[in-house]
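Hi,

Here is the structure I promised to pass on. Have a look first, and my notes follow below.

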Amino acid sequence: MAANNQLAIDGGAPVRTTPLPYGRHWIDEDDIAVVAQVLRSDFLTTGPEVGRFETDFAKSVGAAEAVAVSSGTAALHAAVECLGIGPGDEVLVPTLTFAASANCVLYQGATPVLCDVDADTLLLAPEAVERHIGPRTRAIIGVDFAGQPCDWNAIRTCVSQKRLPLVADACHSLGGSDRGRPVGQLADLTVFSLHPVKHVTSGEGGVITCDDRARAEHMRTFRHHGITRPPGAEPWNYEVTSLGQNYRLTDVQCALARRQLTKLEVWVSRRREIAARYDAELASMPGIVPLARRDGIGHAYHLYVVRLPVSRWRVSRDRVLAAIRAEGILATLHYPPVHLHPFYRARLGTAPGDCPNAEAAAQEILSLPMFPLMSSADQDDVFTALHKVARAYGR
Ligand SMILES: *Cc1c(COP(=O)(O)O)cnc(C)c1O
């Protein structure tokens with residue numbers, strides 16, 4: 001009995017010997033078959049699969065346009081570039097996110113203004129938007145943290161006088177919705193990632209959705225070196241009309257992503273099932289509190305984030321996290337706030353104290369394993385590990 005109770009971090013036997021990751025892709029034989037088919041075709045990079053994937057993706061979120069690019073980071077860059085943002089401009093970005101949400105602004109020579117988040121949902125706070133909007137503000141980037149859509153209506157109200165464009169970093173929220181409207185239609189431009197830990201994958205990849213054909217065409221030109229063809233020109237007669245990039249997504253990747261997309265609905269339901277089981281179990285564990293959720297949203301649960309209230313533990317969150325991981329449950333942290341990284345402190349002059357809600361949350365949060373392929377037995381192991389660690393360290 002004593003041996004079972006001893007934490008693995010103190011030399012006891014771990015709950016699992018094969019570690020459970022926090023997220024993982026799901027590749028079936030049918031995914032492999034479509035990739036093999038492209039490998040036998042005439043096109044490896046830009047071919048017919050790109051347009052097919054874009055059409056299916058746009059349809060799946062109910063947007064008029066979808067533009068496929070080489071990563072979520074490239075998608076963020078294309079969105080910011082397409083809005084004409086450049087030196088001297090400011091873009092508001094929440095600080096509790098992955099660095100790429102802010103870097104896209106810097107790529108254009110503009111300045112990201114890192115904003116605090118709501119203390120409960122950890123989504124970009126409309127109050128912070130109001131506080132930080134200034135004469136140089138040109139756009140707002142919101143992050144649908146963990147898979148919960150931002151309160152885009154409230155944010156739109158804040159910026160209505162200035163009619164600033166809204167960019168959703170929806171890398172966490174594909175398959176989510178707000179009052180029945182799918183993510184992909186809630187902001188002016190919506191950015192997705194096809195990285196393997198995200199909802200559907202192409203290895204690396206990204207997508208931007210919007211309802212504006214001219215913007216979509218601009219981003220398609222941007223992903224391919226700024227190259228356009230004068231109407232009626234010969235195939236060899238191309239023109240570079242703006243500064244572009246090579247941000248193309250290949251036919252191989254588009255075929256894979258398109259196949260994966262057919263499973264999105266089932267996978268999001270499975271994520272919600274896993275979340276409901278976490279909710280039920282954690283209801284009896286006061287030391288581990290699920291993140292607050294907004295009314296009326298369809299959560300896409302890229303992550304299942306919990307808070308460990310400091311008052312409920314005798315040790316730090318880092319120690320709890322290390323102990324859970326030692327049990328073979330690879331929970332992790334999303335994210336250290338962007339404004340506290342050395343690079344942004346040096347470049348933007350940010351400092352501790354700038355974003356108190358995000359900083360407090362960053363001391364208490366962790367992400368539990370969440371992916372559709374995870375079994376009920378896997379989740380039982382998570383519960384066993386959480387109870388074991390709570391018995392040892394909780395108060
Ligand atoms: C994954 C992610 C990105 C970057 O996507 P990549 O496809 O890895 O470039 C950007 N923002 C957020 C919030 C993400 O989770």
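Predicted model: local features only at pLDDT ≥ 70, side-chain atom pairs only at ≥ 80, totals over all residues.

Residues are numbered from 1 along each chain as its sequence is written, and side-chain values use heavy atoms, with hydrogens and water left out.

Pockets

A pocket is found on a 1 Å grid over the protein atoms alone: it is an open set of points where a 1.4 Å probe fits, with protein on both sides within 12 Å along at least five of seven lines, and its lining residues have an atom within 4 Å of a point. Grid points are joined across faces, edges and corners, and the volume is the space filled by probe spheres set on the points.

The largest pocket holds about 380 Å³ of space. It has 24 lining residues, and Phe-98, Ser-193, His-195, Lys-198 and Tyr-335 are the closest to its centre. Helix H4 (72–82) and helix H5 (100–107) are the elements that give two or more residues to this lining, with H4 supplying the largest share, three residues. Helices here are DSSP runs of H or I with at least four residues, strands are runs of E with at least two, and both are numbered from the N terminus. By class, the lining has nine nonpolar, 12 polar and three charged residues.

Tyr-335 sits in the loop between helix H11 (317–326) and helix H12 (342–348).

How does the lining of the second largest pocket divide into nonpolar, polar and charged residues? There are five nonpolar, three polar and seven charged ones. This pocket has a volume of about 230 Å³. Its lining counts 15 residues, with Val-38, Glu-49, Arg-52, Ala-255 and Arg-258 nearest the centre. Helix H2 (29–39), H3 and helix H9 (251–261) each give two or more residues to this lining.

Cores

A nonpolar core is a set of buried Ala, Val, Leu, Ile, Met, Phe, Trp, Tyr and Cys residues joined through side-chain atoms within 4.5 Å. Buried means under 20% relative accessible area, exposed means over 50%, and partly exposed is in between (1.4 Å probe, protein chains only).

The largest core has 54 residues, and the members that touch the most others are Phe-53, Phe-57, Leu-122, Ile-140, Phe-145, Trp-152 and Phe-192. Helix H3 (residues 48–61) gives the most to this core, five residues. Apart from this core lies another, of 35 residues, including Ile-85 and Val-191. Leaving out residues up to four places away in sequence, Phe-53 has contacts (heavy atoms within 4.5 Å) with Leu-194, Leu-249 and Arg-258, among others.

Strands

Two strands pair if DSSP finds at least two bridges between them. Strand S14 (residues 304–307) is covered on both faces, with Tyr-304 and Val-306 buried on one side and Val-305 and Arg-307 buried on the other. S14 pairs in the antiparallel sense with strand S12 (residues 289–290) over two bridges, and Pro-290 stands opposite Val-306. S14 also pairs with strand S15 (residues 365–368), again antiparallel, over four bridges; there Val-305 has Ser-367 as its bridge partner.

Elsewhere, three strands form an open antiparallel sheet in the order S7-S6-S13. Strand S7 (181–182) and S13 are at the edges with a single partner strand each, so one side of each has no neighbour in the sheet. Strand S6 (residues 177–178) is joined to S13 by two bridges, one of the pairs being Ser-177 and Gly-298.

Most residues other than glycine have a negative phi. Arg-179, in the loop between S6 and S7, has a positive phi of about 50 degrees and is exposed, at 56% relative accessible area. Arg-163 has a positive phi near 50 degrees too; Arg-163 lies in the loop between helix H7 (152–159) and strand S5 (166–169) and counts as exposed at 72% relative accessibility.

Cheers

Definitions and conventions: Nonpolar A, V, L, I, M, F, W, Y, C, P; charged D, E, K, R; others polar.
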